[in-house]
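Below is a short report on strand pairing and helix packing in one model. Look at the sheet, then at the helices.

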Amino acid sequence: AHQWRGVLREYLDHLPFSEDDALLTLGEGGTPLVHAPTLSEQLGAEVHIKVEGMNPTGSFKDRGMVSAMTKAVNDGAKVVVCASTGNTSASAAAYATRAGIGCAVLLPEGKIAAGKMAQAVMHGARLIAVQGNFDDCLEIARKLDAAFPVELVNSVNPYRLQGQKTGAFEIVDALGKAPDIHVLPVGNAGNISAYWMGYTEYRDKGISGSVPQMWGFQAAGAAPFVAGRPITDPETVATAIRIGAPASWSLAADARDSSGGLISAVSDEEILEAQSLLASEVGIFVEPASAAGVAGLLKIKREGRTATGQERSIPKDSVITVTVTGNGLKDTETALKNKDLTPVTVPVDINAAAKAMGL
Ligand code: F0G
């Protein structure tokens with residue numbers, strides 16, 4: 001039986017590697033594209049969810065990390081470093097372990113979901129809590145890369161985007177064509193840039209006939225693309241996208257503009273509502289940041305405009321794909337904080353259990 005061989009082998013023809021390279025894999029990619037009937041009905045479109053929480057470390061970062069790590073190891077790197085809001089560090093830690101090299105991660109102190117922290121610890125990374133935000137961490141990571149013999153594996157490393165573009169390939173391969181609109185959360189802006197690269201490459205090679213509009217959504221308290229400039233104090237419950245100065249600014253702006261798309265913002269409340277909806281109506285548990293895309297679609301449907309006042313609507317019966325970037329199990333604390341957690345306690349008794357179930 002055929003087993004998925006990871007993104008580097010599956011998409012080798014489209015990547016800057018060859019059969020001669022020692023290609024790493026933990027089985028990343030090949031994630032499900034799940035049709036969402038209730039959401040489709042609500043939006044008057046055909047909506048499919050790309051479930052990136054199914055990757056080995058529970059987020060889309062594995063696609064780019066396997067690529068950056070393969071390049072680093074083939075170049076003889078002994079230690080990799082990254083700044084992270086959590087997922088990149090979990091992924092870097094896992095792939096560095098797999099590659100047999102060291103990994104140090106710079107994390108904004110007190111702003112990392114417990115599950116992500118657990119992953120980095122369990123995979124043996126050196127954790128450094130920085131008394132600042134992600135943008136501060138990335139600045140330090142870049143300077144370390146310039147001054148010390150360490151390899152930077154943040155998405156400013158071009159091999160990260162190379163790996164991440166395979167998400168777009170998988171969507172076109174699954175649908176048999178490009179969607180009309182692709183929606184995703186935007187933080188450091190690497191992923192929207194990578195998807196755009198993937199979609200345009202498939203079009204340019206004649207594999208798909210068109211490219212989608214790219215619709216990105218930020219958290220309202222961390223929305224530099226809405227402000228039109230970097231912001232200094234990003235704040236949001238969606239800690240994964242608590243970023244004020246996105247590194248891939250110009251690539252993301254190009255993805256937005258060249259595709260005729262948009263980058264708008266959603267409130268924390270809208271993010272948490274969309275997270276609940278994905279869990280309770282679609283059947284997919286994602287972390288808060290990952291729900292920004294669905295939150296954004298619902299907001300555009302409701303309000304008919306973006307956060308900058310541009311009139312936009314959801315074209316009837318359009319095919320929309322939404323990348324949900326990370327697994328809900330990474331941050332159960334935030335998920336449970338907003339739930340009424342009063343379980344019914346019963347003695348060891350079938351009748352009491354039946355009564356508690358309303359039977
Ligand atoms: N969703 C999740 C779950 C993320 O972890 C991130 C980024 C994003 C969306 C945004 O993607 O940065 O490519 O625009 N997390 C990074 C990290 C910053 O360190 O894990 P982006």
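Two strands count as paired if DSSP finds at least two bridges between them. The model is predicted. In it, β1 and strand β2 (residues 46-51) pair in the antiparallel sense, over 3 bridges. H35 stands opposite H48 in β2.

**The sheet**

The sheet is open and holds 6 strands. Their order is β1-β2-β10-β7-β8-β9, and the pairing is mixed. β1 (33-35) and β9 (262-266) stand at the edges. Each has a single partner strand, so one side of each is left without a neighbour in the sheet. On average, neighbouring strands are turned by 25° against each other, direction ignored.

Helix α8 (residues 166-175) packs on this sheet. α8 touches β1, β2 and β10 (319-324). The direction of α8 makes about 140° with that of β10.

**A helix pair**

Two packed helices are described by the angle between their axes and the distance between the axes. The axes of helix α9 (residues 190-204) and helix α11 (residues 249-258) come within 8 Å. They cross at roughly 50°. The crossing of α9 past α11 is left-handed.

Which residues make the contact? The table shows them by helix.

| Helix | Contact residues |
|---|---|
| α9 | I192, S193, W196 |
| α11 | L251, A252, A255 |

By class, the residues of this contact are 5 nonpolar and 1 polar, with no charged residue.

Conventions: Residues numbered from 1 in each chain as written. Predicted model: local features only at pLDDT ≥ 70, side-chain atom pairs only at ≥ 80, totals over all residues. Axes fitted to C-alpha atoms, helices over the stretch in contact; angles between N-to-C directions. Helix = DSSP H or I, 4+ residues; strand = E, 2+ residues; numbered from the N terminus. Left-handed = near helix turned anticlockwise from the far one by under 90°. Contact = placed C-beta atoms within 7 Å. Nonpolar A, V, L, I, M, F, W, Y, C, P; charged D, E, K, R; others polar.
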